[in-house]
Amino acid sequence: MTPPPTPSAEPAASPAGAAAAALLAGLVAAGVADVVLSPGSRSQGLALAAAAFARAGKVALHVRIDERVAGFTALGLAVESGRPVVIVCTSGTAVANLHPAVLEAHHAGVPLIVLTADRPAELRGIGANQTTVQPGIFGEIVRADWDVAAPVGAPGELDDARELGALAVRASAEGPVHLNLAYREPLSGGVDVPSDLESGAVPERPAVAAPEIVDLHPDDATVVIAGHGAGARAEQLAVALGAPLIAEVSSGARFGRHAVVAYRDVLRGPHGDAVGRAIVLGHPTLSREVPQLLERADVEVVVVRTPGVEDYNPGRRARIVDEVRVLGAPDPAIVRRWVGGWVAMSRAVLESQAPDDPAPDLSLAVSTDQGVRAAFAKAELAVLRAPVDRRMLARALWASTWPHDRLVLAASRLIRVADALVPGKAIRVHANRGLAGIDGTVSTATGIALAAARDERSGTTRVLAGDLALLHDAGALLVPLHEQLEAGLRLHVFVGNDGGGTIFDDLEVAATAHPDDFATVMRTPHRADLAALAAAGGWAYRRVTTRADLDDALTAPEPLLLVEVPLET
């Protein structure tokens with residue numbers, strides 16, 4: 001093995017390297033704690049500065065081979081930590097591969113700081129290798145966009161770089177920002193890490209100068225709708241208004257006595273017809289019934305602004321506000337009738353559905369009758385041998401997740417299955433619902449797990465995904481070994497494998513398209529070997545077919561585990 005080169009005592013002076021280190025110092029001082037980068041030549045000054053800062057304990061460094069994986073890993077780190085996260089990449093197509101993660105951050109209001117290395121002015125527009133038009137490449141999806149000229153070592157240049165870092169952090173409070181950084185050779189040199197550098201406080205979103213607040217009185221015709229990211233405020237508002245709570249599974253509000261699990265069915269009945277006012281928080285994306293309700297002319301719609309670029313407003317008739325203030329207390333009799341009716345109807349719908357794994361009566365296990373005990377044992381064995389379907393899988397992961405864990409739901413058929421049946425529970429649930437893209441799920445979950453692992457009380461981050469969601473992000477399985485060992489990463493990915501995109505089976509196209517064409521261009525069947533894929537990334541692998549297998553997998557000790565659950569199409 002060839003030993004690494006010994007650094008010279010006095011590295012060559014590099015304005016590019018010095019400016020990169022100064023920029024990073026400014027970013028860290030303003031609140032950045034994580035840097036995610038992919039390797040490249042033009043970005044070497046930024047990369048080597050990040051490595052030096054990481055060795056000095058000033059920042060956490062995460063290296064990913066593929067830029068798309070890097071982008072979504074940064075997204076997950078930012079979502080879980082609440083801090084802005086820096087992404088570093090080289091020039092050319094590398095920048096374009098960050099676009100999906102930046103789009104999601106744009107629509108979800110996630111603080112990402114994208115640093116893209118570029119050629120200096122004299123090398124642009126002449127066909128230079130790996131050079132394209134990078135300034136403005138993200139268009140309107142970034143909150144700020146700087147094209148920074150190549151440093152030359154002029155006086156005050158490093159101070160400007162540090163100040164630019166602080167400015168970028170402030171601008172990222174409401175979403176992603178882009179710094180396109182031109183660098184001229186020599187691209188790197190020695191890195192000076194300030195000994196007194198500490199990560200600053202988490203930047204807060206700028207306060208609304210004159211927030212619009214709407215005053216509402218409780219009544220017997222209001223519902224509260226909590227879409228993705230709504231948070232606990234939605235549950236509090238439902239209680240204050242005496243209203244049923246329609247809380248999507250990734251809303252962060254799916255708990256409490258006002259929660260209506262089978263809301264789709266209830267909305268299609270007389271209770272839905274009786275709605276006269278809807279208060280919306282977060283970004284609803286998981287049903288057709290919710291937007292249909294909000295488009296009705298007889299329903300008053302109030303939407304509370306949330307982070308992201310667009311206010312949710314189907315039908316373009318909602319009143320958009322910053323906050324809702326409740327005047328007075330709801331009448332208990334109305335709450336019992338109005339909320340109680342919704343909850344009772346929801347319970348009836350769920351009870352009418354055949355249970356997936358009816359548990360035997362435990363009292364039979366202690367019967368004095370040997371025949372009764374034998375019957376109990378047989379029934380118990382039947383439960384353990386029951387084949388796993390989507391409903392059982394979704395319920396089991398939900399039931400096994402607790403406040404110290406994290407649950408990440410891919411944009412697969414399974415998130416809708418979970419949304420339709422899992423009960424209320426105050427746990428941390430994540431999903432990329434800004435654009436609801438299928439890509440980047442495992443990468444995002446890795447970032448979430450890395451950030452969560454910093455809390456010594458944290459548990460397991462579990463992912464519920466379909467097979468196509470995993471295959472879209474197969475590169476995310478290449479997690480560096482030192483992150484597995486040093487960060488205490490604990491990530492379990494449960495893949496419901498039905499051999500393709502069966503989510504399209506529920507759309508109109510399944511009934512109108514030629515069956516062969518539907519299979520070819522929509523279902524896209526595959527024969528990927530998930531066990532081999534797990535082995536290639538160094539993950540443990542389990543194949544689950546029964547409830548007993550599933551229970552074992554949910555308590556597995558492996559830090560990185562891929563669980564394949566074959567499902568019927």
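Five strands, taken in the order E9-E8-E10-E11-E12, form an open sheet whose pairing is parallel, where two strands are said to pair if DSSP finds at least two bridges between them. The model is a predicted one, in which local features need pLDDT of at least 70 and side-chain atom pairs count only at pLDDT 80 or more, while totals for chains, interfaces and linings use all residues. Residues are numbered from 1 along each chain as its sequence is written, and side-chain values use heavy atoms, with hydrogens and water left out.

Strands (E, at least two residues) and helices (H or I, at least four) are DSSP runs numbered from the N terminus. The edges of the sheet are strand E9 (245-247) and strand E12 (319-321), each of which pairs on one side only. Neighbouring strands of this sheet are turned by 20° against each other on average, with direction ignored. Within the sheet, strand E10 (residues 277-281) pairs with strand E11 (residues 300-304) in the parallel sense over 4 bridges, and Val 280 stands opposite Val 303 in E11.

Two helix pairs can be set side by side, using axes that are lines fitted to C-alpha atoms over the stretch in contact and angles that run from 0 to 180 degrees between N-to-C directions.

| Helix pair | Angle | Axis distance |
|---|---|---|
| H3 (residues 67-81) and H5 (residues 99-108) | about 25° | 7 Å |
| H13 and H14 (residues 413-421) | about 70° | 9 Å |

Because angles under 35 degrees count as roughly parallel, over 145 as roughly antiparallel, 65 to 115 as roughly perpendicular and the rest as oblique, H3 is roughly parallel to H5, whereas H13 and H14 are roughly perpendicular to each other.

Contact here means heavy atoms within 4.5 Å. Helix H3 contributes Arg 68, Gly 71, Phe 72 and Leu 75 to its contact with H5, which in turn contributes Pro 100, Ala 101, Glu 104 and Ala 105. In the other pair, Arg 390, Arg 391, Leu 393, Ala 394 and Arg 395 in H13 meet Arg 413, Leu 414, Val 417, Ala 418 and Leu 421 in H14.

A nonpolar core is a set of buried Ala, Val, Leu, Ile, Met, Phe, Trp, Tyr and Cys residues joined through side-chain atoms within 4.5 Å, and buried means under 20% relative accessible area (1.4 Å probe, protein chains only). The largest such core has 56 residues, of which Ile 225, Trp 342, Leu 393 and Leu 550 touch the most other members. Its largest share, 6 residues, comes from helix H13 (residues 390-399). Apart from this core lies another, of 47 residues, including Val 69 and Leu 470.

Note on methods. Buried < 20%, exposed > 50% of the residue type's maximum accessible area, 1.4 Å probe, protein only.
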